[in-house]
Amino acid sequence: FFRYRAGYQKMVRNGSKVIDGTSYYNYDRKTFGSAISWDMRINWDIPSPIKQQPYVAVSIDNVLNRTNPIEDSGSYLVYEKGRQYWLEVGLRF
């Protein structure tokens, strides 16, 4: 699964100011660049003479392990998840 997200702009909190004893948040426009991600899933149905069907599936999320920022709180960036591996073993009946 290939995914492309176009660049975008978003309003993010960037600190605060005190005016006449009252604290107000500052907001700035932040530009986030475009991002590409690639997720992969491999399934294998294990041959079986019984009615149930055993299977194995391996998923790899973010195969390229790209660091794509998606949020900015003003003091730190939040990124999409990094590369993850998932193993699924099951039985269909």
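Here are some notes on the structure above, point by point.

1. First, a caution: this is a predicted model. Everything below describes that model, so to speak, as it stands on the page.

2. Let's start with the overall build. The protein chain has zero helices and nine strands, and reading along the sequence gives the pattern β-β-β-β-β-β-β-β-β. Its radius of gyration is 22 Å, well over the 12 Å that the globule rule gives for 93 residues, so the chain is more spread out than a compact globule. You can see this in the C-alpha trace too, which spans about 80 × 25 × 15 Å along its principal axes.

3. How much of the chain is buried? Of the 93 residues, 17% count as buried. The protein chain exposes about 7,300 Å², and carbon and sulfur atoms supply 57% of that area. As for who touches whom, take the contacts with a separation of 6 or more: 47% of them are between residues 24 or more positions apart.

4. Now zoom in on Ala57, which sits in strand β6, residues 53–61. Is Ala57 buried or exposed? Ala57 counts as buried because its relative accessibility is 1%, and the cut-off for buried is under 20%. Once you leave aside neighbours within four places in sequence, Ala57 is in contact with Arg41, Ile42, Asn43, Trp86, Leu87 and Glu88. For a sense of scale, the C-alpha atoms of Ala57 and Phe1 are separated by 15 Å, and the two residues are 56 apart along the chain.

5. Ser37 is another one to click on. You'll find Ser37 in strand β4, residues 35–38. With a relative accessible area of 5%, Ser37 is buried. Not counting residues up to four places away in sequence, Ser37 touches Phe1, Phe2, Arg3 and Glu80.

6. On to charges. Side chains of opposite charge can pair when their charged atoms come close. How many salt bridges does the structure hold? There are five. One of them joins Arg41 and Glu88, with the closest N and O atoms 2.8 Å apart. Arg41 lies in strand β5 (residues 40–45) and Glu88 in strand β9 (residues 84–92), so this pair ties together parts that are 47 residues apart in sequence. Both ends are partly exposed: Arg41 has a relative accessible area of 45%, and Glu88 has 30%.

7. Arg92 and Asp45 form a salt bridge as well, and the closest N and O atoms are 2.8 Å apart. Here Arg92 is in strand β9 and Asp45 in strand β5, so the pair links parts that are 47 residues apart in sequence. Arg92 is partly exposed at 41% relative accessibility, and Asp45 is partly exposed at 42%.

8. Next, look at Asp61 and Lys81. Their salt bridge has its closest N and O atoms 3.1 Å apart. Asp61 belongs to strand β6, while Lys81 lies in the loop between β8 (77–79) and β9, so the pair ties together parts that are 20 residues apart in sequence. Asp61 is buried, with a relative accessible area of 14%, whereas Lys81 is partly exposed at 47%.

9. What about aromatic rings? A pair of them is described by the distance of the centres and the angle of the planes. The count comes to two aromatic pairs. Phe2 and Trp38 are stacked, at 5.3 Å centre to centre with 15 degrees between the planes. Phe2 lies in strand β1 (residues 2–5) and Trp38 in strand β4, so the pair ties together parts that are 36 residues apart in sequence. Phe2 is exposed at 62% relative accessible area, and Trp38 is partly exposed at 24%.

10. Tyr8 and Phe32 are stacked too, at 5.1 Å centre to centre with 20 degrees between the planes. Tyr8 is in strand β2 (residues 8–19) and Phe32 in strand β3 (residues 22–32), so parts 24 residues apart in sequence are tied together. Tyr8 is partly exposed at 25% relative accessibility, but Phe32 is buried at 2%.

11. Last, the surface. Which residues form a nonpolar patch there? Ile42, Val58, Leu87 and Val89 do, with about 380 Å² of accessible area together. Ile42 is in strand β5 and counts as partly exposed, at 48% relative accessibility.

Key. Residues numbered from 1 in each chain as written. Predicted model: local features only at pLDDT ≥ 70, side-chain atom pairs only at ≥ 80, totals over all residues. Heavy atoms only, no water. Helix = DSSP H or I, 4+ residues; strand = E, 2+ residues; numbered from the N terminus. Buried < 20%, exposed > 50% of the residue type's maximum accessible area, 1.4 Å probe, protein only. Contact = heavy atoms within 4.5 Å. Salt bridge = Lys/Arg side-chain N within 4 Å of Asp/Glu carboxyl O. Patch = residues over 30% accessible without salt bridge, like charges linked within 9 Å, V, L, I, M, F, W, Y side chains within 5 Å. Areas by Shrake-Rupley, 256 points an atom, 1.4 Å probe, with all protein chains shown as cover. Rg over C-alpha atoms; globule rule 2.2 N^0.38 Å. Phe/Tyr/Trp six-rings, centres within 6.5 Å; stacked < 30°, edge-to-face > 60°.
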